[in-house]
Amino acid sequence: MQQLTSYERERIALTAPLQSKARQQGEASHADNQADLLKAGFEAALANRRQQH
């Protein structure tokens, strides 16, 4: 059971960022207001970059 839990944690850690990005891109490609979404994405990327430095 411990091995399965370990595998699950590793798998989630690897796939969660991909799923999140796919979800965001899907929402953005079907949104009514593309400009607001692009702005929000840019602001999020900028905030993330600032946290890394």
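These legends describe close-up views of a predicted model. Local features need pLDDT of at least 70 and side-chain atom pairs count only at pLDDT 80 or more, while totals for chains, interfaces and linings use all residues. Residues are numbered from 1 along each chain as its sequence is written, and side-chain values use heavy atoms, with hydrogens and water left out.

**View 1. A nonpolar surface patch is made by M1, L4 and Y7.** The patch covers about 420 Å². Its area comes from the Shrake-Rupley method with a 1.4 Å probe; for residues, only the protein chains shown count as cover. Patch residues have over 30% relative accessible area and no salt bridge; nonpolar side chains (Val, Leu, Ile, Met, Phe, Trp, Tyr) are joined within 5 Å, like charges within 9 Å. M1 lies in the segment before α1 (2-29). Helices are DSSP runs (H or I, at least four residues), as strands are (E, at least two), numbered from the N terminus. M1 counts as exposed because its relative accessibility is 80%. Exposed means over 50% relative accessible area, buried under 20%, and partly exposed in between (1.4 Å probe, protein chains only).

**View 2. The largest pocket has a volume of about 320 Å³.** Its lining has 13 residues; Q24, Q25, A28, L37 and G41 are the closest to the pocket centre. A pocket, on a 1 Å grid over the protein atoms alone, is an open set of points with protein on both sides within 12 Å along at least five of seven lines; the probe is 1.4 Å, and lining residues have an atom within 4 Å of a point. Grid points are joined across faces, edges and corners, and the volume is the space filled by probe spheres set on them. α1 and α2 (34-52) each supply at least two lining residues. α1 gives the most, with 7. The lining divides into 6 nonpolar, 5 polar and 2 charged residues. Here Ala, Val, Leu, Ile, Met, Phe, Trp, Tyr, Cys and Pro count as nonpolar, Asp, Glu, Lys and Arg as charged, and the others, Gly among them, as polar.

**View 3. K39 and E43 meet in a salt bridge.** The N to O distance is 4.0 Å. A salt bridge puts a side-chain nitrogen of Lys or Arg within 4 Å of a carboxyl oxygen of Asp or Glu. The whole structure holds 1. K39 and E43 are 4 residues apart in helix α2, so about one helical turn separates them. K39 is exposed at 52% relative accessibility. E43 is partly exposed at 44%.

**View 4. L37 is found in helix α2.** L37 is partly exposed, at 36% relative accessibility. L37 and L14 are 23 residues apart in sequence and 26 Å apart in space, C-alpha to C-alpha.
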